[in-house]
Amino acid sequence: MSTSFDLLPSFDELLYHTAQSLDGFNEDFDPQTRSADERFGDFQANGVLPFAKKAGKNPRELAQILIDALPPSENWTVDLAGPGFINFTLTPKFLLEWISEHGSDSAISNSAHSESPKKVVLDYSSPNTAKQMHVGHIRSTIIGESIARILAFQGNEIIRDNHLGDWGTQFGILLLAIKEQKISLDDLGDDPIAQLEDLYRQGNARIKEDEVALAKARQELVQLQDGDPENLQLWEKIRDISMSSFLKIYELLDVKFDHSLGESFYRDQVDEVYQGLSKHKICQEDDGALVVFHPEHKRFAKQPFIIRKSDGASNYATTDLATLTYRQKEWQAEQIIYVTDGRQRDHFEQLFLTAQKWFDADKKTLPTLSHVWFGTILGDDNKAIKTRDGQPIKLIDLLEEAIRRAADMVKQKNKDLPEEEVQRRAKVIGLGAVKYADLSQDRTLDYVFSWDKMLAMQGNTAPYLQYAVARISSIFRKVERSTEDSFTHARPPESDAERKLSRKLLFFPLALKQATRELKPHFLCTYLYELATEFSSFYNQEKVMIDDVKAKDLRLLLCASTQSVLKTGLNLLGIDTLEEM
RNA sequence: GCUCCUGUAGUUCAAUGGAUAGAACAUUGGUCUCCGGAACCGAAGAUCUGGGUUCGACUCCCAGCGGGAGCGCCA
């Protein structure tokens, strides 16, 4: 027999349909099924309470009527509790069936496919060229990559686009400094990006005080945007230097983009934006700039969205509008997800409102637009880490330190391991720790950067999850079996530990769904950690290598399924696993 | 000034309006002839304040207090 991957909708539908044939109910009834606290059962429906209240009926009596009308099943038992909760408890036999059917790698990925896959553009990472990525830049890259994987896993077509900030004000400052100091970009030493960043920092400090320099820097930018050959050549070189420093980081993080179409790519498309918005009278001139107001909005009725500066130059808003239309026209994007810092919320809200009006006027369908924003990484002073004046920790340094610390641990636990293997494992463990540290908390919260937090390897961390995976591999090596075997002799789970681990396994679809619905990977982290904890507890209580074939097969099955879910889940977070660590 | 976000154990974080608010770190007591101790089992410890809505509130609404962000030519 076949069971469904995600059981929650099955219970929800069962309750809804049963209720429709009963006197006291109608189509407004929502069963509100959810996973239950293990003290009460596996799934719980609370919907009778509010429904009964509204209908002026006794909730317990109404719930009892519904329970009595449910068709009998060998898969679960049901009972009524408290003021009117309906609790379902799955039978051991059914748990075993579900795990046998859905617990393997291939079954998990097949089962997770969406019925209505979409074409989604994911805009993430998006660093500014000419500057280094520092620890504050880690979030967009890691969160974006995880969301890309989560959506792709469910069958959506994902286009990963790194929207580089490569056409902005920083170039005016930088070009001025390069020319004045007669610097050769071919001769910047071992760490060219650091040299460029120094130049930028100095230049930025200077234009704050020197108005003449500020005007010159602006002029350099205008010349660049007008296509001045010398500036363009320098700009290209800067871009190349930046890209090679980014690529080093992306390689470590295992992030690959389909496109890196920066703002500069859209430089010839900004006129279309001005014309399109002007034609439909969506924008207006104000103080010499071209701006958009949204009279229906309480704030944006007065707070302008500037799409062309008074000096005629384009800005972030202009290129974002051009980018949006390009993605819709060239890629037929059905959804566009922007992963950026929360401080840009106003910008995106204005962008989305403006795009909606423009598309409506042109009678085009606007893709679903989502701003997936995250909190800021703060320094010890509780202020955002920023490049302009201070010297924040470089992202590459964080990643390398993580690998170094992990390598120390690997060596300590495996004395005679070849250096190459130490490094391979250290990468998986160290980078996993960093990624998990960021992904495991709600993305909307700010946090203060801390080495200890980013590099922790005990407790609720990636290495703990990786450790569970490695232990399971170890068991299978010892029994000389494969996790891909079928465990046909398995009996249903009996003991407390077996049962708890089993029920945890079948909540994976719920965690995945929640992470997807809210585009928040931390729901997945929480689930995986709970699963690993449940496994460790099981592992401690129930020996796997035993003579009883039925119990042994069940326990092997539980181990194999746990590993499949952990590996799959970690992969969705962009975190790799090891056979041994 | 206007708008938005935020306030949970000592610390860092969880909790689709549901039953006794979960963890981790730190503190502390155990487990060590155990398939990997990056582990397991236990103890202690928390919802900023005051109202309101609700059968039920960390969650929703109002007010206050604290922290942070955005608000015309940065991205």
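Me: How do you know which numbers and atoms are being used here?
Reply: Residues are numbered from 1 along each chain as its sequence is written, chains are lettered from A and ligands numbered from 1 in the order in which they are written, and side-chain values use heavy atoms, with hydrogens and water left out. Since the model is predicted, local features need pLDDT of at least 70 and side-chain atom pairs count only at pLDDT 80 or more, while totals for chains, interfaces and linings use all residues.

Me: What makes E1 and E3 the edges of the open sheet?
Reply: The order of its four strands is E1-E2-E4-E3, with antiparallel pairing. Strand E1 (33-35) and strand E3 (76-81) each have a single partner strand, so one side of each has no neighbour in the sheet. From one strand to the next, the twist averages 25°. Strands here are DSSP runs of E with at least two residues, helices are runs of H or I with at least four, and both are numbered from the N terminus.

Me: Why is strand E5 described as largely enclosed?
Reply: Four of the five residues of E5 (residues 119-123) are buried, so the rest of the structure largely encloses this strand. Buried means under 20% relative accessible area, exposed over 50%, and partly exposed in between (1.4 Å probe, protein chains only).

Me: Which strands does E5 join, and in which direction do they run?
Reply: Five bridges join E5 to strand E6 (residues 157-161), running parallel, and Val121 has Ile159 in E6 as its bridge partner. The chain crosses from E5 through helix H6 (residues 138-153) to E6, and this β-α-β crossover is right-handed; that is, with the strands pointing away from the viewer, the path from the first strand over the helix to the second runs clockwise. E5 is also joined by four bridges to strand E10 (residues 335-341), again running parallel, and Leu122 stands opposite Ile337 in E10.

Me: Is Asp287 buried or exposed?
Reply: Asp287 has a relative accessible area of 75%, so it is exposed. It is found in the loop between strand E7 (284-286) and strand E8 (289-292), and its phi is near 55°, a positive value in a residue other than glycine.

Me: Why does Gln32 count as partly exposed?
Reply: The relative accessibility of Gln32 is 37%, so it counts as partly exposed. Gln32 is found in the loop between H1 and E1, and phi of Gln32 is near 50°, a positive value in a residue other than glycine.

Me: Why is the pair of Phe5 and Trp98 called stacked?
Reply: Rings of Phe, Tyr and Trp (its six-membered ring) pair if their centres lie within 6.5 Å; planes under 30 degrees apart count as stacked, over 60 as edge-to-face and the rest as tilted. The centres of Phe5 and Trp98 are 6.1 Å apart and their planes stand at 10°, so the pair is stacked. Phe5 lies in the segment before H1 and Trp98 in helix H4, 93 residues apart. Phe5 is buried at 10% relative accessible area, and Trp98 is buried at 2%.

Me: What makes Phe265 and Tyr266 an edge-to-face pair?
Reply: Their ring centres are 4.9 Å apart and their planes stand at 85°, so the pair is edge-to-face. Phe265 counts as partly exposed at 36% relative accessibility, whereas Tyr266 is buried at 0% relative accessible area.

Definitions and conventions
Two strands pair if DSSP finds at least two bridges between them. Axes are lines fitted to C-alpha atoms, for helices over the stretch in contact, and angles run from 0 to 180 degrees between N-to-C directions.
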